[in-house]
Amino acid sequence: MSEGLNVEGWSCPLPLRDHPNIIMGHGGGGKLSAELVEHLFLPAFAEAGAVDMGDAALVAIGGARLAFSTDSFVVRPLFFPGGNIGELAVNGTINDIAMRGAQPLVLSAGFILEEGMPLDQLAAIARSMGAAARRAGVTLVAGDTKVVDRGHGDGVYITTSGFGVVPEGIDIGPTRAQPGDVIIVSGSIGDHGVAILSVREGLEFGATIESDTAPLNGLVAELLDETRTIHVLRDPTRGGVASALNEIALASQVGIVIDERKLPVQDAVRAACELLGMDPLYVANEGKLIAIVPSSDAERLLARMQAHPLGRRAAIIGHVTADHPGLVVARTGIGGTRIVDMMVGEQLPRIC
Amino acid sequence: MKYLDEYRDPELAQRLFAEIRRITTRHWAIMEVCGGQTHSIIRNGIDQLLPDEIELIHGPGCPVCVTPLEIIDKALAIASRPGVIFCSFGDMLRVPGSAKDLFRIKSEGGDVRIVYSPLDAVRLAQQHPDREVVFFGIGFETTAPANAMAVLQAHRLGLRNFSMLVSHVLVPPAIAAIMESPTNRVQGFLAAGHVCSVMGTWQYQPLVEQYRVPIVVTGFEPLDVLEGIRRVVLQLEAGRAELDNAYERAVRPEGNVAAQQVLSEVFEVTDRAWRGIGVIPQSGWRLRDAYRAYDAEARFAVGDIQTRESPICRSGEVLQGMLKPNQCPAFGKECTPRTPLGATMVSSEGACAAYYQYGRFIKAEEVGVAR
Amino acid sequence: MCLGIPGQIKEIYEMNGIRMGKVDFNGIVKEVCLAYLPEIDVGDYTIVHVGFAITRLDEQSALETLALFQSIGLLDEELRTDAAEEEAAA
């Protein structure tokens with residue numbers, strides 16, 4: 001049935017990697033996003049570029065270290081079970097700062113508003129932002145508003161920036177994972193991504209899942225109260241736990257082994273992922289953190305997490321190894337092994 | 001989850017692995033036809049735990065992999081048209097056409113939308129009477145009933161702005177084509193469970209008889225896949241060649257009669273080109289004349305498509321089990337999941353993508369990953 | 001081609017002339033087309049693929065399959081145990 005292949009005619013192929021334009025995958029948090037940063041932005045920002053690719057940048061100033069971060073929010077729909085774009089924006093930057101071990105102090109918020117966006121929606125979003133900031137003990141100190149023509153935005157895009165002070169002696173970052181470390185996740189994974197999908201056009205289902213958007217600075221403070229020797233903190237947002245662990249494995253040049261049976265996943269989230277053929281490991285979270293800690297501290301930190309309202313379902317999910325540096329490997333439910341690769345673009349629902 | 005978790009039980013899985021090891025005395029090459037089965041095998045790490053004598057060849061049962069290049073290019077051309085809402089299952093968005101993929105079309109301004117069900121596309125057509133809604137109707141026999149119903153619905157509702165780009169493929173002719181190939185190595189088949197839920201098992205009996213090859217209808221959960229393999233190996237070791245159903249809870253010999261009736265109402269058999277393999281006669285479905293009004297190929301004159309497959313892509317040989325992905329010179333170099341040359345590297349259950357992960361693991365194993 | 005997930009039928013109704021239903025997948029409820037299973041009833045389990053129920057899951061077969069898995073290897077274990085005991089006694 002197949003014509004024999006003509007070996008003679010082969011030549012250097014035209015790679016299909018050429019993307020002269022931005023595609024949706026560039027925003028997915030996976031390989032394409034990483035490449036965009038590495039090959040387009042970092043070279044351009046070379047003189048001042050932050051190097052360790054952590055959630056927030058560390059800036060030394062007057063003897064103190066600031067953790068400084070910025071994040072943009074383009075989520076659709078604007079309102080979803082468990083929250084809206086506003087609190088997502090506030091909690092998102094708070095969390096980036098907290099992942100450095102810093103307590104966030106102040107935030108700014110920039111709004112790009114689409115002409116025609118209903119004011120009562122914007123008011124609801126703003127109210128949520130104020131409440132979220134208050135809840136986390138952070139002040140919204142600066143902001144900006146711009147309006148674009150109808151059709152050139154999704155109602156509203158929000159960018160938040162903020163900083164906090166990293167306490168003396170704290171050194172938390174993605175390059176710090178060491179063989180022997182234990183990996184803890186603070187709760188059930190995949191909630192936010194599924195909550196969003198549950199209302200997005202074309203993929204509606206009656207789901208009881210809410211976004212887990214939450215500020216994690218309180219939880220981080222609890223952990224740091226227990227021990228100062230936490231190596232890595234990371235909130236697994238776009239790209240999920242899988243992408244976050246891959247980034248850490250690469251940055252720290254270590255291998256990571258996780259046990260799928262230990263991953264906390266809500267039943268309904270699992271069901272939604274089964275239905276769409278998606279893997280919870282790759283689904284976004286907005287109120288969870290991964291902590292990589294020396295094994296001697298693991299049990300105490302786990303207990304501390306579980307005692308906190310945002311860490312009730314915390315669980316140890318794996319460990320760091322010197323083997324296979326840069327690779328994340330999972331033990332599957334039936335005792336097999338598989339590589340948990342970095343996502344390429346964004347995870348898509350499948351029928352196959 | 002009921003009817004899922006029970007078939008993922010690790011203890012029972014270990015029993016089945018042990019049993020397969022016990023009964024296997026020599027090398028056997030077994031093909032799982034369905035991409036969903038390939039996905040399950042890779043996802044659960046089944047291939048690594050099987051005895052080395054069992055070679056699993058990942059078959060062409062992945063619509064992403066086998067949808068003809070010409071159809072992909074037509075899809076891209078239609079999706080680029082202003083006023084068109086192009087709806088597709090998520091799987092198809094990254095499949096490379098001659099020059100682009102649907103994601104690229106989206107980035108260039110095309111209205112490309114992922115839908116879960118073809119009925120969602122019909123709903124979109126109702127909601128947007130001023131736009132042309134086109135649904136990418138790909139898939140095997142499992143998906144065809146859904147696509148057929150969408151066409152019927154559009155017809156019933158008198159929608160003038162809905163059409164389907166149809167590219168259905170059939171399993172039995174593919175199995176025949178594989179067995180006819182002079183370089184075929186496949187000795188037994190795991191037939192696609194959900195295809196058989198729709199079509200029944202009776203189509204496979206002639207294949208068993210003509211090619212003297214065991215065919216076991218198999219499900220998708222780890223225990224189901226292992227059971228399918230166990231039954232094929234049992235037959236091979238005993239020199240038998242029979243049709244067997246290892247997925248009885250979801251498959252009856254006659255299949256889904258209501259679905260088959262609608263299928264024959266809406267579709268008719270046609271020759272179909274399988275990407276990388278070539279034309280397999282009578283191996284596809286197209287819309288019947290009575291439903292020509294809903295045929296996107298007729299509605300949109302996208303003639304004169306010049307297809308250009310990557311000259312070094314060997315997906316076709318891989319799909320037929322003639323070549324292992326890591327034997328392809330481009331594998332892991334020019335061709336990676338990030339920069340796929342062909343569909344088998346794009347799809348999560350394409351053999352090349354599956355091997356890409358496995359191949360890296362082999363390297364990891366050398367460094368001592370615990371089993 | 002084959003991502004089909006088992007769910008339980010909670011409700012059956014008609015929409016635009018087609019038989020539809022609400023199917024519960026462990027807490028996720030989705031609207032599914034039941035046109036191809038004219039005899040399926042509330043409480044039954046079905047496999048759903050791209051929003052269509054394509055087959056009814058047969059409880060009896062399911063249990064039999066599981067029982068088969070449970071028994072696999074057991075006879076062999078018994079035989080090996082017997083052989084070991086014989087050897088020990090000899």
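This is a predicted model: local features need pLDDT of at least 70, side-chain atom pairs count only at pLDDT 80 or more; totals for chains, interfaces and linings use all residues.
Figure 1. Among the contacts in chain C with a separation of 6 or more, 29% are accounted for by residues 24 or more positions apart. The chain contains two helices and five strands, and from the N terminus on its elements run β-β-β-β-β-α-α. Of the 90 residues in chain C, buried residues make up 49%.

**Figure 2. The interface of chain B and chain C.** Here 52 residues of chain B are in contact with 42 residues of chain C, and the area buried between the two chains is about 3,900 Å², with carbon and sulfur atoms giving 66% of that area. On the chain B side, Tyr3(B), Arg15(B) and Tyr116(B) lose the most area to chain C, and together they give 18% of what that side buries. Two salt bridges are counted between chain B and chain C, along with 15 residue pairs in polar contact, both residues of each pair being at pLDDT 80 or more. Among the elements of chain B that give two or more residues to the side touching chain C are helix H1 (10–23), strand E1 (28–34), helix H7 (118–127) and helix H8 (144–156). The largest share of that side, six residues, comes from H8(B).

**Figure 3. Charged side chains of chain B that meet chain C.** In a salt bridge between the two chains, the side chains of Arg123(B) and Glu31(C) meet at 4.0 Å, N to O. Lys2(B) also reaches chain C, with its charged end over the ring of Tyr45(C) and 5.5 Å from the centre of that ring.

**Figure 4. The interface of chain B and chain A.** In this view, 72 residues of chain B are in contact with 51 residues of chain A, and the area buried between these chains is about 5,200 Å², of which 60% is given by carbon and sulfur atoms. The chain B residues that lose the most area to chain A are Arg43(B), Tyr116(B) and Arg338(B), which together give 13% of what that side buries. Tyr116(B) is also one of the residues of chain B that lose the most area to chain C. Three salt bridges are found across the interface of chain B and chain A; between Glu274(A) and Arg8(B), the side chains meet in a salt bridge at 2.8 Å, N to O. The interface also holds eight residue pairs in polar contact, both residues at pLDDT 80 or more. The elements that give two or more residues to the side of chain B touching chain A include H1, helix H2 (35–44), helix H6 (102–107), strand E4 (111–114), H7, E11 and helix H17 (351–366). H1 and H7 are also listed among the elements that give two or more residues to the side of chain B touching chain C.

**Figure 5. A stacked aromatic pair in chain B.** Over all chains, a search of the whole structure finds seven aromatic pairs. In the pair formed by Phe267(B) and Trp285(B), the ring centres are 6.0 Å apart and the planes stand at 5°, so the pair is stacked. Because Phe267(B) lies in strand E10 (residues 267–274) and Trp285(B) in strand E11 (residues 278–287) of chain B, the pair ties together parts that are 18 residues apart in sequence. Phe267(B) is buried, at a relative accessible area of 2%, and Trp285(B) likewise counts as buried, at 9% relative accessibility.

**Figure 6. A charge over a ring within chain B.** Within chain B, the charged end of Arg249(B) sits over the ring of Tyr7(B), at 3.5 Å from the ring centre.

Figure 7. With a relative accessibility of 10%, Ser181(B) counts as buried. When residues up to four places away in sequence are not counted, Ser181(B) touches Gln320(B) and Met322(B).

**Figure 8. The position of Arg200(A), a loop residue of chain A.** Arg200(A) lies in the loop between helix H4 (191–197) and helix H5 (217–226), where it counts as partly exposed at 30% relative accessibility. Arg200(A) and Val283(A) are 83 residues apart in sequence, while the distance between them in space is 15 Å, C-alpha to C-alpha.

Definitions and conventions
Residues are numbered from 1 along each chain as its sequence is written. Chains are lettered from A and ligands numbered from 1 in the order in which they are written. Side-chain values use heavy atoms; hydrogens and water are left out. Rings of Phe, Tyr and Trp (its six-membered ring) pair if their centres lie within 6.5 Å; planes under 30 degrees apart count as stacked, over 60 as edge-to-face and the rest as tilted. Helices (H or I, at least four residues) and strands (E, at least two) are DSSP runs, numbered from the N terminus. Buried means under 20% relative accessible area, exposed over 50%, partly exposed in between (1.4 Å probe, protein chains only). A charge sits over a ring if NZ of Lys or CZ of Arg is within 6 Å of the ring centre and within 35 degrees of the ring normal. Contact means heavy atoms within 4.5 Å. Buried area is the accessible area (1.4 Å probe) that two parts lose on being put together, summed over both. A polar contact is a pair of N or O atoms within 3.5 Å; within protein, one must be able to donate a hydrogen and the other to accept it, and residues adjacent in sequence count only if both atoms are side-chain atoms.
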